[in-house]
Amino acid sequence: MPALPASRAALALAGALFLAAAPARAAIIDPTGDFLSTYAFTKGADLDVTAANVTFDGSRFALSATLNGAIGTTAGAFYVFGIDRGAGTERFNTGVLPIGAGIRFDSVFILRPDGTGAFNDLLTNVSTPLAAGNIQVSGNTISGTLLLSLATSQGQAASEYGFNLWPRLGAGNNNQISDFAPDNSSFRATAVPEPASLSLLGLGVAGMAALRRRRPV
């Protein structure tokens, strides 16, 4: 098979590196208006999940929740990511009002519209407040970051952690949970490109540009 011209080879290399480095933009998409039948309070749009996403760069998770209305519209609403680090159980699927079959978690990451939040390790009953500025609100989306050093493994690789998102209107009872995303399971974080991969991508693009500049007219 004939070899590719240098410029085409550089272009192919850059394209391959881009595909290897670029993270999949996968997110959990949740139908609008699917409030839980057990939810007994105000059905504000900011309590209706439309999407949830988690990415992982090897040392921290970036978590975001998108709702059907502007964050902060319903007083008392906040957002919880349940995390299964390897010791998760169906904590909601018991008691007087069991819900959340298939949703396992051993810790929670809490995001509040006022910019406060916490990581609660349910195995040790230790709650760690998040640093100021960690949580960001932009329209219908609230997001924050969680260090892996805080959410240590309980027998599962960080890339295999399970996540589920639920809004709440107050804390205490299952009937205060308005929605689950996804409904009866968990999802994994999407890996983001490592710095080394991005460097290789840059080198490939730079090499392609240099070869094109040298091409005879």
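**View 1. Asn 125 in a loop of the predicted model.** Asn 125 counts as exposed because its relative accessibility is 69% (exposed means over 50% relative accessible area, buried under 20%, partly exposed in between; 1.4 Å probe, protein chains only). Asn 125 sits in the loop between β6 and β7. Its phi is near 60°, a positive value in a residue other than glycine. Most residues other than glycine have a negative phi, and most peptide bonds are trans. This is a predicted model, in which local features need pLDDT of at least 70 and side-chain atom pairs count only at pLDDT 80 or more, while totals for chains, interfaces and linings use all residues. Residues are numbered from 1 along each chain as its sequence is written, and side-chain values use heavy atoms, with hydrogens and water left out.

View 2. Asn 120 belongs to strand β6, residues 117-121 (strands are DSSP runs of E with at least two residues, helices runs of H or I with at least four, numbered from the N terminus). Asn 120 counts as buried because its relative accessibility is 18%. Its side chain makes a polar contact with the side chain of Ser 127, at 2.5 Å (a pair of N or O atoms within 3.5 Å; within protein, one must be able to donate a hydrogen and the other to accept it, and residues adjacent in sequence count only if both atoms are side-chain atoms). Neighbours within four places in sequence aside, Asn 120 is in contact with Ser 107, Val 108, Ile 110, Val 126, Ser 127 and Thr 128 (contact means heavy atoms within 4.5 Å).

**View 3. The open sheet of 5 strands.** The order is β7-β6-β5-β4-β10, with antiparallel pairing (two strands pair if DSSP finds at least two bridges between them). β7 (126-129) and β10 (162-169) stand at the edges with a single partner strand each, so one side of each lacks a neighbour in the sheet. From one strand to the next, the twist averages 20° (axes are lines fitted to C-alpha atoms, for helices over the stretch in contact; angles run from 0 to 180 degrees between N-to-C directions). Strand β5 (residues 107-111) runs antiparallel to β6, joined by 5 bridges. Leu 111 has Gly 117 of β6 as its bridge partner.

**View 4. Strand β3 and its two partners.** Strand β3 (residues 60-67) has a covered face of Phe 61, Leu 63, Ala 65 and Leu 67. Its uncovered face holds Arg 60, Ala 62, Ser 64 and Thr 66. In a regular strand the side chains alternate between the two faces of the sheet. Strand β2 (residues 49-56) joins β3 through 7 bridges, antiparallel. Thr 55 has Ala 62 of β3 as its bridge partner. The hairpin of β2 and β3 has 3 residues between the strands, and Gly 58 there takes a positive phi near 105°. β3 also pairs with strand β9 (residues 141-147), in the antiparallel sense, over 7 bridges. Thr 66 stands opposite Thr 141 in β9.

View 5. The bond from Ala 181 to Pro 182 is cis, with omega near -5°. Pro 182 lies in the loop between β10 and β11 (190-191).

**View 6. The protein chain as a whole.** The chain has 2 helices and 11 strands. Of its 217 residues, 40% are buried. Among contacts with a separation of 6 or more, 64% come from residues 24 or more positions apart.
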